[in-house]
Amino acid sequence: DTEGLLRIKEENQKHYRRAQRHQEKKEKIQRHNRRLGDLVEKKTYDLKTQYEHLANLRRTHILELTSVIFPIEEVKTSMRDPADVSSESDNAMTSSTVSKLAEARRTTYLSGRWVCDDHNGDTSISITGPWIILPNNGDYSAYYNWVEEKKTTQGPDMEHNNPAHTISAALCYATQLVNTLSLILDVNLPKKLCNRQVKTEQGEFCGENLSRHRFTRAVKKLNANILHLCFSQHVNLDLLHPLHTLRNLMYLVSPDTENLGR
């Protein structure tokens, strides 16, 4: 029994010495983990600082781009509300009639259905200049109506006065701006406009006259790209509308967009 007790004591001392070594190794690992934690925290802070610096650079480039090359502004059309005009001419008009006229003014027939547009008739959005504007309600029927009319009409026409050219130019500039923004923001666009041979994406609108189907398809892709950029920069969703091409773009590049450049 005495020999067995001594043997057990020796084994216990070995286990104790091993436990001490494990404890020292544990403390060493803990110190290493604390150093790594401090390093990770410092690197995370540096990375966050670099992200903020990069966001500020992107924001600066975008604001320069949209103030010098692609200015986007809201243009007043100075149109009076029909309800106001009618109420002035007829003092006996009821309030219900006035409200119906106001509601009719905010409603547009677009692609076979009536849609509500609070901005209809009040303002338009211009790009690169006050003369290049797009309808607020997304109704670009003037373009493909002009294309159809041009197919059947022979002889010279007043093409420089045609609103279809304004629509085509505005969409061309909008596409160029969206492509540039995607490069600055490092955001891949979900849609690619159909191109043939060496035509650029913006050439889709500035090249040959498009049929209604091709034109509508290209506009939908452009609107999808703009919305994707807006989502990536956390633009307030309440401000966005799927048909408001330039208005959505204006909200995206606005100096009030807090997360622009993220």
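These legends describe close-up views of one predicted protein model.

The model is predicted, so local features need pLDDT of at least 70 and side-chain atom pairs count only at pLDDT 80 or more, while totals for chains, interfaces and linings use all residues. Residues are numbered from 1 along each chain as its sequence is written, and side-chain values use heavy atoms, with hydrogens and water left out.

**Figure 1. Overview of the fold.** The protein has 8 helices and 5 strands. Helices (H or I, at least four residues) and strands (E, at least two) are DSSP runs, numbered from the N terminus. Along the sequence the pattern reads α-β-α-α-β-β-β-β-α-α-α-α-α. Of the 262 residues, 32% are buried. Buried means under 20% relative accessible area, exposed means over 50%, and partly exposed lies in between (1.4 Å probe, protein chains only). Contact means heavy atoms within 4.5 Å. Among contacts between residues at least 6 apart in sequence, 64% join residues at least 24 apart.

**Figure 2. Helix H8 and its cover.** H8 is mostly covered, with 7 of its 8 residues buried. The buried residues are Thr245, Leu246, Arg247, Asn248, Leu249, Met250 and Leu252. Their cover includes strand E1 (72-76), strand E4 (123-127), strand E5 (133-134), H5 and helix H7 (212-232).

**Figure 3. Thr245 within H8.** Thr245 is a residue of helix H8. Its relative accessible area is 2%, so Thr245 is buried. Leaving out residues up to four places away in sequence, Thr245 touches Leu134, Tyr140, Leu171, Leu222, Asn223 and Ile226.

**Figure 4. Packing of H5 against H8.** Helix H5 (residues 163-185) and H8 pack at an angle of about 35 degrees. Their axes are 11 Å apart. Axes are lines fitted to C-alpha atoms, for helices over the stretch in contact, and angles run from 0 to 180 degrees between N-to-C directions. H5 passes H8 in a left-handed crossing. A crossing is left-handed if the near helix is turned anticlockwise from the far one by less than a right angle, and right-handed if clockwise. On the H5 side, the contact is made by Ala170, Leu171, Ala174, Leu177, Val178 and Leu181. H8 contributes Thr245, Leu246, Leu249 and Leu252. By class, the contact residues are 9 nonpolar, 1 polar and no charged. Ala, Val, Leu, Ile, Met, Phe, Trp, Tyr, Cys and Pro count as nonpolar, Asp, Glu, Lys and Arg as charged, and the others, Gly among them, as polar.

Figure 5. A search of the whole structure finds 3 cavities of 30 Å³ or more. A cavity is a set of points, on a 1 Å grid over the protein atoms alone, where a 1.4 Å probe fits but cannot get out; lining residues have an atom within 4 Å of a point. Grid points are joined across faces, edges and corners, and a volume is the space filled by probe spheres set on the points. The largest cavity has a volume of about 40 Å³. Its lining consists of Ile125, Leu134, Pro135, Asn136, Tyr140, Leu243, His244, Thr245, Leu246 and Arg247. H8 gives the most to this lining, with 3 residues. The lining divides into 6 nonpolar, 3 polar and 1 charged residues.

**Figure 6. Thr257 after H8.** Thr257 lies in the segment after helix H8 (245-252). With a relative accessible area of 9%, Thr257 is buried. Neighbours within four places in sequence aside, Thr257 is in contact with Arg59, Gln233, Val235, Tyr251 and Leu252. Thr257 and His234 are 23 residues apart in sequence. In space they are 8.2 Å apart, C-alpha to C-alpha.

**Figure 7. The loop between E4 and E5.** Trp131 lies in this loop. Its relative accessibility is 61%, so Trp131 counts as exposed. Trp131 and Val75 are 56 residues apart in sequence and 9.3 Å apart in space, C-alpha to C-alpha. Thr128 is also found in the loop between E4 and E5. At 21% relative accessibility, Thr128 counts as partly exposed. Thr128 is not a glycine, yet has a positive phi of about 65 degrees.

Figure 8. Asp186 is found in the loop between H5 and helix H6 (203-206). Asp186 counts as exposed, because its relative accessibility is 60%. Phi of Asp186 is positive, near 60 degrees. Most residues other than glycine have a negative phi.

Conventions:
1 Å grid on protein atoms, 1.4 Å probe; cavity = no way out; pocket = protein on both sides within 12 Å on 5 of 7 lines; lining within 4 Å.
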